[in-house]
Amino acid sequence: LTVQRQEEQIVELIFKALRAASDKNQHSKIEDCESALEKFGKTLTIIYKVKETTNHEVIASYQIAPEDLDSKLIINYRNKKTNEIHVFSQSIRFYEDAYSLVNKIAIKNNVIEIQPRKSFKANLYNEHYNTPLQFKLIS
């Protein structure tokens with residue numbers, strides 16, 4: 001079997017197991033996930049945290065090793081008044097790092113600042129990054 005076919009079979013088995021372990025009320029959510037995975041494959045973006053104010057929206061999401069590259073933390077910014085959009089991407093060692101890197105999201109002086117979680121375990125993950133993460137908004 002090719003690597004691609006092996007991956008497809010693993011995905012099929014996972015969704016079969018999820019259906020078997022869930023009740024019928026959850027099947028539509030499982031089908032939605034399966035459809036998204038079929039549509040986007042390894043480029044599927046998983047939303048982790050959203051910060052929304054009257055003026056701005058910031059979405060922190062990640063991709064798990066898209067196209068066999070590094071996992072990515074993706075920051076989408078939208079100014080609600082001007083509809084200005086900025087997208088930032090940062091390579092991360094492991095997709096799980098997103099959970100410790102993104103805790104609080106703030107926008108000050110045209111800079112998106114993302115504060116990391118503060119715990120012993122989070123500090124172990126975060127020592128590989130310059131925190132807080134900062135992304136400059138350029139008009």
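**Close-up views of a predicted model**

**View 1. Glu8 and Arg5 form a salt bridge, with 3.1 Å between the closest N and O atoms.** A salt bridge here is a side-chain nitrogen of Lys or Arg within 4 Å of a carboxyl oxygen of Asp or Glu. This is a predicted model, in which local features need pLDDT of at least 70, side-chain atom pairs count only at pLDDT 80 or more, and totals for chains, interfaces and linings use all residues. Residues are numbered from 1 along each chain as its sequence is written, and side-chain values use heavy atoms, leaving out hydrogens and water. Glu8 and Arg5 are three residues apart in helix H1 (residues 3–21), so about one helical turn separates them. Helices (H or I, at least four residues) and strands (E, at least two) are DSSP runs, numbered from the N terminus. Glu12 also forms a salt bridge with Arg5, at 3.4 Å between the closest N and O atoms.

View 2. Glu57 is buried at 17% relative accessible area, whereas Arg78 is partly exposed at 26% (buried is under 20%, exposed over 50%, partly exposed in between; 1.4 Å probe, protein chains only).

**View 3. The largest nonpolar core has 18 residues.** Such a core is a set of buried Ala, Val, Leu, Ile, Met, Phe, Trp, Tyr and Cys residues joined through side-chain atoms within 4.5 Å. Leu73, Val102 and Phe135 are among the residues with the most contacts inside this core.
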